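Take a look at the structure below. This report walks through its helix contacts and a few of its residues.

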Amino acid sequence: LPFSGLILAFFTIALAIFLPFNPIYKAFFCAIIYLSLYGFIHLEAVADTIDGYFASLTNKDIYQVMKEPQIGALGAIGVFSFVLLKIFLKPLSIV
């Protein structure tokens with residue numbers, strides 16, 4: 001399993017190096033390819049964590065909110081923001 005992640009990382013880095021686009025477009029394309037190949041794994045955990053955090057601010061049961069199969073609006077906004085950060089920080093070589 002770690003070997004497959006290593007191969008996906010090398011493929012994504014090779015795309016980022018050899019594509020002749022503007023760095024923002026290249027980062028957007030490479031992030032979408034990487035997330036598609038990776039299967040968007042763990043993004044549902046990010047959404048559940050964000051939903052649980054904001055549920056704790058309203059004194060709701062955190063575990064009940066995180067166990068629900070659907071995500072809330074704040075979880076969806078958080079995942080969208082996370083993916084945007086991943087895309088736009090890629091040209092800076094931070095991520």
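## Thr-12 and its contacts

Setting aside residues up to four places away in sequence, Thr-12 touches Cys-30 and Tyr-34. This is a predicted model. Thr-12 sits in helix α1, which covers residues 2–18.

Is Thr-12 buried or exposed? Thr-12 has a relative accessible area of 6%. The limit for buried is under 20%, so Thr-12 is buried.

## Where α1 meets α2

Helix α2 spans residues 23–38. The helices α1 and α2 pack at an angle of about 160°. Their axes are 9 Å apart. Angles over 145 degrees count as roughly antiparallel, so α1 and α2 are roughly antiparallel to each other. Their crossing is right-handed.

Which residues make this contact? From α1 come Leu-8, Phe-11, Thr-12, Leu-15, Ala-16 and Ile-17. From α2 come Lys-26, Phe-29, Cys-30, Ile-33, Tyr-34, Leu-37 and Tyr-38. By class, the contact of α1 with α2 has 11 nonpolar residues, 1 polar and 1 charged.

## Ile-7, also in α1

Ile-7 lies in helix α1 too. Its relative accessibility is 44%, so Ile-7 counts as partly exposed.

How far is Ile-7 from Ile-50? Along the chain, they are 43 residues apart.

## Where α2 meets α5

Helix α5 runs over residues 73–89. Helices α2 and α5 pack with their axes 8 Å apart, at an angle of about 130°. That angle makes α2 oblique to α5. The crossing of α2 and α5 is right-handed.

On the α2 side, the residues are Ile-24, Ala-27, Phe-28, Ala-31, Tyr-34 and Leu-35. They meet Val-83, Lys-86, Ile-87 and Phe-88 in α5. The contact of α2 with α5 divides into 9 nonpolar residues, no polar and 1 charged. Tyr-34 is listed here, and Tyr-34 is also listed in the contact of α1 with α2.

## Phe-88 in α5

Phe-88 belongs to helix α5. It meets the α2 side as one of the α5 contact residues. What is the spacing of Phe-88 and Ile-24 in sequence and in space? They are 64 residues apart in sequence. From C-alpha to C-alpha, they are 6.7 Å apart.

Phe-88 has 42% relative accessibility, so Phe-88 counts as partly exposed.

## Where α3 meets α5

Helix α3 covers residues 43–57. The axes of α3 and α5 come within 8 Å and cross at roughly 130°. That makes α3 oblique to α5. Helix α3 passes α5 in a right-handed crossing.

Which residues of α3 and α5 meet? In α3 they are Leu-43, Val-46, Ala-47, Ile-50, Asp-51 and Phe-54. In α5 they are Leu-74, Gly-75, Gly-78, Val-79, Phe-82 and Val-83. By class, the contact of α3 with α5 has 9 nonpolar residues, 2 polar and 1 charged.

## An aromatic pair

How many aromatic pairs does the structure hold? It holds 1 aromatic pair. Tyr-53 and Phe-54 form that pair. Their rings are 5.2 Å apart, centre to centre. The angle between the planes is 75°. Planes over 60 degrees apart count as edge-to-face, so the pair of Tyr-53 and Phe-54 is edge-to-face.

Phe-54 has 35% relative accessibility, so Phe-54 counts as partly exposed.

## Two loop residues

Asn-59 is in the loop between α3 and α4. Helix α4 covers residues 62–67. Phi of Asn-59 is near 60°, a positive value in a residue other than glycine. At 75% relative accessibility, Asn-59 counts as exposed.

Ile-71 is in the loop between α4 and α5. At 42% relative accessibility, Ile-71 counts as partly exposed. Apart from its neighbours within four places in sequence, Ile-71 is in contact with Ala-47, Asp-48, Asp-51 and Ala-76. Ile-71 and Lys-86 are 15 residues apart along the chain. Their C-alpha atoms are separated by 20 Å.

Conventions. Residues numbered from 1 in each chain as written. Predicted model: local features only at pLDDT ≥ 70, side-chain atom pairs only at ≥ 80, totals over all residues. Heavy atoms only, no water. Helix = DSSP H or I, 4+ residues; strand = E, 2+ residues; numbered from the N terminus. Buried < 20%, exposed > 50% of the residue type's maximum accessible area, 1.4 Å probe, protein only. Phe/Tyr/Trp six-rings, centres within 6.5 Å; stacked < 30°, edge-to-face > 60°. Axes fitted to C-alpha atoms, helices over the stretch in contact; angles between N-to-C directions. Parallel < 35°, antiparallel > 145°, perpendicular 65-115°, else oblique. Left-handed = near helix turned anticlockwise from the far one by under 90°. Contact = heavy atoms within 4.5 Å. Nonpolar A, V, L, I, M, F, W, Y, C, P; charged D, E, K, R; others polar.
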